[in-house]
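Let's work through some charged side-chain pairs together. Have the sequence and the 3D view ready, and try each task before you read its solution.

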Amino acid sequence: MSATYRVAVRALCDFTARQGDLDHRFTPAPSAREGMEGHTLVTSRRGEDYLAELPLSGKFEGLIVTGRADGFDPTANRLEEIKTHRGSLERMADNQRALHWAQVKVYGALLCAERALEQITLTLVYLDIASGKETLLSQEATADELQAFFAEQCQRFLAWAEQEAGHRQDRDSGLQTLRFPHAAFRPGQRELAEDVYKAASTGRCLLAQAPTGIGKTMGTLFPMLSAMPRQQLDRIAFLTMKTPGRRLALDALATLRTSDETLPLRVLELVAREKACEYPDRACHGESCPLAAGFYDRLPAARQAAVDQGWLDRDALREVALAHDVCPYYLGQELARWADVIVGDVNHWFDSHALLHGLAQANDWRTGVLVDEAHNLIERARGMYSAELDQQRFNRVRRAAPKALSRPLGRLSRQWQAVIKEAGLEEEGDPRKPTYRLLTALPDKLVTAAQQVGAAITDHLGEHPEDASLELQELLFEALAFCRLAERFGEHSLCDLTRYGRGRAVLGLRNLIPADFLAARFNAAHSVVLFSATLNPAHYYRDLLGLPENTVWREVASPFTACQLEVRIRTDISTRFRDRDASIDPIVATMAQQYQRKSGHYLAFFSSFAYLEAALARFREAHPEVPVFSQTRGMPEAQREEFLARFAPVGEGIGFAVLGGAFAEGIDLPGDRLIGAFIATLGLPPFNDFNEALKARLTARFGQGDDYTYRIPGMIKVVQAAGRVIRSPEDQGVVVLMDDRFAQASVRALLPRWWTLGDIHP
């Protein structure tokens, strides 16, 4: 092949040595941390001359193969591939063992070539995590045999590698002449695009605050794609908080492809497993699901058909998968290795088990990451790095668990009671009013008991896979997730206990400062661009997300003018909790007066459903002639769509909604579909024990506890909700803010600078 293509040993063997069924039945397996610790344990047992993590590389025609062998003992002339496991080795699938042998043989070929060895001992070292026992499987091999095996694997991969190298050349060539797909940039869009291109060119992170309506999706994708060949980016990940964001990204990419039909750009949409599964009532293995049976045997043809098609949104990927009788979800996971642009949820890069981050690390990718609606990343990341133990689930599993697990489960039960007693929550209390305690320290004895339960269940299921009930597995996964986070417990998190009644307590590990987990994710990317209409102040995001010191913050000037949006403030109304009842009548009067000034569609936002319901009832009573409709608690998707459908052109009425909810951001109601918004709250999080603990922690760390806990998150919600009104340079509308604290300079500083504020005097 003319072009050079690099591939890791693991990726090469994954491509050439996998066969048979897809099998995702539960099998006890060590965590990544246990795997690393297991490797360290094995290498510590070897002699002084032992070489661990030995870098090796070799070339076959135009293919460069690289990797790190686990260990080589030059005295014994033995090359080792170390694998950790739980349970009996006899249950390991043949195709898994074949993959392990393939890896050590390829490393053996590279080592023999590098050191001019005529023969070598190849050894698979299987370490049982539970017992620390090593099982060694060895075979002798000559350099000629290994070179022949290496050549065979490379030959099997070579056609694909040549195709991929050619695709990379064609892709980069096409992107070097990429043209903006519209006749002109929107106001502010060129400025945003230039900042994104500079960030990609300098390998820096960018915080870009840009108003709604300027075309942020195209304004970030186009420059990152333009930088792709010049910066030798391997992949671009466009990450969103919600499904509508994925749709916007795919629409922008489709526009780029349409404007240049010769552009060979592979686009993949990643969707959640539950949304992609064709047989949700079947177990994920070949004996149950027809799309898992023979998956790896049919994968090569499906993979080739998919990359030939290039455009792989959810529907297109499903069509290719079903045409080849393979699982759409796992075909998508495979194609994440070969796509140029991956569109998916933020968890694919930032979660502890993130697919794209893992692939980037394993394959040494240079990745450009775009994060849409980035103001949500702090809360999303807090959720990613938090975990719970549910006493009620534990008790339910304990009653039906195998007898062999009774001792560790009993030990954990006693620790549950000890923690509840120590927290002073033994009293029965009112089950309708949960009792809450912040714990001063991690309950180490309970964590140890949970670790022992996890190990006991894992070991038991290794010997008795027939006992792998869904509830037992869920308890195991819950315990493992909790214990993994407990190992990293520190000032970035706190521990709390909530009791809902007898046998119904929940122990939580709550992340407060995601920076300590996310900093490494930002450093792993070549460039990360975080963009949103609300990323002010910059230091709030830098501190809580752990962005690099050289991160750039840019604010794109709004294309909107003050004459488009009338911002009116009632500074004589208090929406504080103690003043809620007294605030209802003036709020209702203000809304009615504005509606009488100009009828049309409005959204009214409140801080809670209770507040909303009280205002709605009073408004209906006082103004029955005005059409009103309301968001409800736990509103299903179909009803949310009906709510939005009420905002038809040339219509009128007021929709009541909760600030920070489904209708406060991420919805687009241009023109006269929405002409105004009432915001009867400052959006502040509730004053409670948890938020006060968060405030104390953020004060200690950053000296900004009150702002970081209350004021800034609240005002982000306010600005997002107000941003529903003006969606294009042609829109006109009004926003009415109702709370006396909007008169404070510190609050007004967090409002968009292009707004002109006017007070309402009753």
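This is a predicted model: local features need pLDDT of at least 70, side-chain atom pairs count only at pLDDT 80 or more; totals for chains, interfaces and linings use all residues.

Residues are numbered from 1 along each chain as its sequence is written, and side-chain values use heavy atoms, with hydrogens and water left out.

**Exercise 1.** Find how many salt bridges the whole structure holds.

Solution. Start with the criterion: a side-chain nitrogen of Lys or Arg within 4 Å of a carboxyl oxygen of Asp or Glu. Searching the whole structure with it gives 42 salt bridges.

**Exercise 2.** Work out where R45 and E134 sit, and how R46 joins in.

Solution. First, the closest N and O atoms of E134 and R45 are 2.9 Å apart, a salt bridge. Helices (H or I, at least four residues) and strands (E, at least two) are DSSP runs, numbered from the N terminus. Then turn to R46, which also forms a salt bridge with E134, at 2.9 Å between the closest N and O atoms. R46 lies in the loop between helix 2 and strand 2, so its pairing with E134 in strand 6 ties together parts 88 residues apart in sequence.

**Exercise 3.** Decide whether R46 is buried or exposed.

Solution. Buried means under 20% relative accessible area, exposed over 50%, and partly exposed in between (1.4 Å probe, protein chains only). R46 has 15%, so R46 is buried.
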